[in-house]
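Trainee: Hi! I'm new to this one, could you walk me through it?
Mentor: Happy to, let's bring it up.

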Amino acid sequence: MELLLSNLAHGFGVALSLQNLTFALLGALIGTAIGVLPGIGPVATISLLLPITFGLPATTAIIMLAGIFYGAQYGGSTTSILLNLPGEVSSVVTTLEGYKMARNGRAGAALAIAALGSFFAGSVATILVAASGPLLTQVALSFGPADYFSLMLLGLIIACVLAQGSVVKAIGMVVLGVALGLVGTDVQTGQQRFTFGIPELSDGIGFVPIAMGMFGIAEIILNLERPEARSVLKSKVGSLWLTKEEWVRATPAVLRGTVVGSFLGILPGGGASLAAFGSYMMERKISRGRNEFGKGAIEGVAGPESANNAAAQTSFIPLLTLGIPSNAVMALMVGALIIQGIQPGPRMVEAQPDLFWGLIASMWVGNLMLLVINLPMIGMWVKLLQVPYKFLYPSILVFCCIGVYSLNNNVFDVYMTVLFTVFGYMCAKLRLEPAPMLIGFVLGPMMEEHLRRAMLLSRGDWMVFVQRPISATMLAIAAFALVLMALPNIRKGKDQALAG
Amino acid sequence: MQLKISTKDVLSGVFLILVAVVGLYLNQDHSLGTARRMGPGYMPMMTFYLLGGLGVWTLLIGLFSGPDPLEKWTGQDVGSLLAGIAAGAVTYLVAPSIWGFFGQTYNAVGVGILAGMLVFAISPGWRPLAIVCAAVAVFGLTLEKGGFFLALTSLMLLSCVADRTHTLRGVAGLLAFMLALSWYVFIHELDIRVNLWPVL
Amino acid sequence: MRLTRRAALGVPLLGLAAPALAQGWPAQPIRLIVPFAPGGTTDLIARLVAAPLQERLGQPVVIENRPGAGATLGSQMAAQAAPDGHTLLLSNIASHAISPALYGNLRYDALRDFTHIALLTLNPSVIVANPRAGIGSMADLARIHRESPRGLDMASSGAGSSNHLLIVRLGQMLGREINHIPFRGAGPAMTAVIGGQVPLMSDSLPSAAAHIRQGSVRAVAMSSAERHPAFPEVATLREQGFDLVTNSWFGLSGPARLPAPVVERLARDIREILARPDIRARFAEIGGAPGAFSPAEFTAFIAAELAAWAPLVRESGAQPD
């Protein structure tokens with residue numbers, strides 16, 4: 001403990017130098033900006049900025065890149081709450097309750113709890129990284145393909161809880177998402193599946209065109225069809241701060257989200273993307289406001305946003321302790337380190353204490369900066385909603401289109417967005433929900449990969465999924481979740497039968 | 001139990017079944033493999049069977065969970081939908097032979113979507129959907145050769161058609177503001193790689 | 001503060017601008033297409049070379065990542081670009097030796113549609129084992145593979161990669177198929193080996209080097225012809241009785257019909273950059289040897305690689321469509 005404190009003190013000494021503070025702030029600002037812009041994600045930005053970091057000391061460079069990464073997590077929630085525009089997987093969940101809150105005139109409260117919850121979760125997760133990084137790595141390493149498969153299956157089953165209406169239709173949409181995720185090159189054989197000979201599809205359908213089309217642009221069309229809904233939106237801009245009741249409800253959600261997110265963030269290969277909606281499912285089932293879900297429950301913003309940010313911090317653990325990047329952003333950081341002549345890995349703690357502890361301290365400093373940047377901006381963001389909708393929607397279209405194009409500098413993605421706009425519109429009319437589909441789309445390919453790998457390793461023995469303790473536990477939780485989900489439905493069915 | 005048809009659920013079910021059938025048909029190209037060494041077709045097979053099953057279930061539920069009809073379609077709605085699809089398909093096929101530009105990259109797709117959506121927009125019921133989609137397609141068509149400013153201008157002008165309350169001054173102000181803002185954000189700050197002005 | 005690529009790359013370096021060519025090349029920033037995602041070995045090599053190259057050319061060299069379809073998407077783009085020297089490609093074993101044999105419907109010809117300029121680096125594959133797997137040499141590997149009822153599992157960074165094909169060849173030599181476990185990239189595969197989920201992996205040296213040095217995995221054999229200078233203690237496959245030499249490589253290419261002066265200038269600059277001690281040190285750290293081929297030699301090298309890999313790909317049974 002004493003050693004940890006002295007190490008952390010050393011880290012703060014590094015992180016609080018003027019240069020490192022400046023670049024942490026710069027990273028946080030850039031991150032917030034790109035998080036707000038739909039389609040432009042941290043991967044693209046960091047790869048653009050990588051050359052600049054060559055001229056900086058390694059520690060400063062990594063501090064800045066890390067700032068961009070978690071800055072983007074903060075910024076992403078803003079557009080999700082205000083405009084129903086999720087730029088990343090984790091913010092899909094935020095749109096569900098956050099956008100509803102905004103429509104109820106509680107945009108300020110939603111943004112505030114997103115920022116505060118993220119800060120709290122980020123702080124806790126940072127301490128966790130510092131105190132038990134190497135230990136947690138062992139947990140991550142003990143996850144085999146069978147365990148990941150069961151975790152993904154659990155994720156898909158809880159994705160159905162995201163649905164506001166019929167559970168069967170929600171499961172249908174999850175499976176449809178899995179089906180869409182099949183498009184592209186088969187990882188195991190390299191064979192092209194369902195690509196119709198289109199080279200752009202060989203890496204699969206892009207997430208951003210689907211999210212932009214089905215959420216952002218389809219929502220614009222629906223708003224244009226109902227002019228009366230727009231005026232409601234405009235007239236109701238309530239208090240910017242949380243009410244006492246909202247505080248009471250959000251606090252436990254933040255705590256639970258932090259725990260869920262910290263754990264899932266450690267797992268490379270998709271753990272972090274499960275964090276937000278794992279927390280959402282939990283809040284929906286056990287929080288005090290569970291009956292308000294679908295109408296703008298603050299727990300549905302507080303929990304997932306905290307989980308998401310906690311996972312963002314703990315996803316550094318595999319990088320710092322093993323030198324293995326757990327996602328594309330981390331892969332870029334490895335690149336940045338290697339170009340600086342530093343090999344990330346277990347020996348980094350001893351070989352580069354400035355870098356290791358400085359980065360950890362700067363995570364906390366960066367989170368504090370983000371809070372300071374974001375809280376005062378809430379007023380400004382909420383004012384955005386008062387812009388007449390007829391001016392707002394062409395502007396949203398502009399940002400969506402440029403964002404989608406700049407993903408790959410390819411107009412193909414723009415036309416995919418049109419396709420998914422039409423599909424999203426159709427789904428809205430048929431009351432099919434896009435959120436479960438997006439989760440299925442993201443988790444499906446990972447699930448297939450782990451399933452096939454597990455079966456290759458087990459020589460075709462399905463029992464591997466129940467023989468491994470981690471996997472068996474996940475499957476048991478999944479079964480339990482299915483039962484939980486079915487219960488209220490049975491009850492509802494009864495009520496309807498009695499009433500009808 | 002009497003039949004109380006929920007059109008939305010029935011159509012959802014039909015849609016899911018349709019996707020499953022098409023998927024299973026296309027999946028015939030892929031080898032299934034064995035449980036040990038699953039081929040590229042194994043997971044799709046399981047997925048599409050499950051999807052089909054869920055579709056049937058949704059459809060059955062839909063027969064009793066109603067009534068929940070769709071919004072009324074007028075004859076004009078149906079007519080412009082069919083005409084739009086036809087116009088889009090014809091344009092997609094014919095356009096490349098009219099102007100070489102449409103034969104490059106995905107321009108034929110873009111002009112097909114544009115033509116289809118514009119025909120589609122004849123019916124007022126479809127107008128928000130059709131105009132917004134057409135605007136996005138115009139952006140795609142004009143961006144690479146027409147440049148950043150032309151693409152954004154046409155995107156915004158067309159999308160403004162979807163809202164009747166726009167005034168000339170309002171649109172001009174919006175254009176000026178958004179062109180300046182997007183230039184600053186995307187070109188000056190983020191430096192995305194596109195042509196600013198038309199290239200011939 | 002303006003943080004754009006142009007500002008970042010251009011401003012501090014323009015002062016050092018080298019004398020431009022008579023034809024005015026390079027007149028604008030040079031696009032270097034990297035057909036893989038940012039962060040991987042290919043991207044890393046591109047960035048290592050791009051920085052000194054732009055100092056010499058006096059124009060920013062902007063890296064554009066265009067991943068997809070076994071590196072063929074980005075390569076196709078480069079093949080179709082104007083041959084004015086402002087679009088270059090980081091060609092590699094995937095895009096110009098394996099994918100042509102793997103993808104039947106490729107829209108470019110690896111030789112005819114390109115001007116090959118210089119080989120940047122050549123690096124072997126290495127077979128690594130989890131330290132608890134009890135495999136320290138190819139003899140151990142062969143014995144365990146023969147005696148175990150299930151046979152051995154070996155991970156690779158992906159189907160159709162040179163590392164995958166190495167596993168197939170090894171299995172053929174051992175007379176019993178090795179259970180190949182493909183992953184999505186070297187990182188996840190290495191995690192599985194360190195975590196003990198898979199005992200062995202065939203990996204390119206640059207991505208495995210750090211893990212070998214840290215001792216988180218044990219190097220069993222190197223696929224180079226000679227022992228690697230950075231890892232002299234690791235015996236080659238050939239020394240251990242497996243006559244198998246494979247190298248993955250990365251080079252600089254451009255569209256077909258690049259003007260000769262541009263090619264000569266680039267080849268000379270690359271040769272001089274690769275001779276710099278600091279660059280050599282960086283390449284050595286990631287386990288690659290800098291290449292030293294003339295454009296003609298590099299072209300001949302690619303032709304030989306294409307011919308060598310085609311039968312291997314066929315035998316491996318890896319097919320994209």
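Predicted model: local features only at pLDDT ≥ 70, side-chain atom pairs only at ≥ 80, totals over all residues.

Trainee: How many positive and negative side chains does chain A have, and how far apart are the centres of the two sets?
Mentor: Chain A carries 29 positive and 24 negative side chains, and the centres of the two sets are 10 Å apart. Lys and Arg count as positive, Asp and Glu as negative, while His and the chain ends are left out. Each charge is placed at NZ of Lys, CZ of Arg, CG of Asp or CD of Glu.

Trainee: Thanks. What about the charges in chain B, how far apart are their mean positions?
Mentor: Chain B has 10 positive and 9 negative charges, and their mean positions lie 3 Å apart.

Trainee: Back to chain A, what is its secondary structure?
Mentor: Chain A has 22 helices and two strands. Helices (H or I, at least four residues) and strands (E, at least two) are DSSP runs, numbered from the N terminus.

Trainee: And why would you call its radius of gyration that of a compact globule?
Mentor: Because a compact globule with 500 residues would have a radius of gyration near 23 Å, and chain A agrees at 22 Å. The radius is taken over C-alpha atoms, and the globule rule is 2.2 Å times the number of residues to the power 0.38. Along the principal axes, the C-alpha trace of chain A spans about 70 × 60 × 50 Å.

Trainee: What share of chain A is buried?
Mentor: Buried residues are 68% of the 500 in chain A. Buried means under 20% relative accessible area, exposed over 50%, and partly exposed in between (1.4 Å probe, protein chains only).

Trainee: Can you show me one residue there?
Mentor: Ser471(A) is buried, with a relative accessible area of 0%. Leaving out residues up to four places away in sequence, Ser471(A) touches Ala146(A), Asp147(A), Ser150(A) and Phe465(A). Contact means heavy atoms within 4.5 Å.

Trainee: Is Cys133(B) buried or exposed?
Mentor: Cys133(B) is buried, at a relative accessible area of 1%.

Trainee: Which elements make up chain B?
Mentor: Chain B has seven helices and zero strands. In helix 5 (residues 127-146) of chain B, 16 of the 20 residues are buried. Just after helix 5, Gly147(B) takes a positive phi of about 90 degrees.

Trainee: How does chain B's radius of gyration sit against the globule rule? What is the value?
Mentor: Chain B has 23 Å, whereas a compact globule of 200 residues would have a radius of gyration near 16 Å.

Trainee: Last one, what is in chain C?
Mentor: Chain C has 11 helices and 10 strands, and 60% of its 321 residues count as buried.

Methods
Residues numbered from 1 in each chain as written. Chains lettered and ligands numbered in written order. Heavy atoms only, no water.
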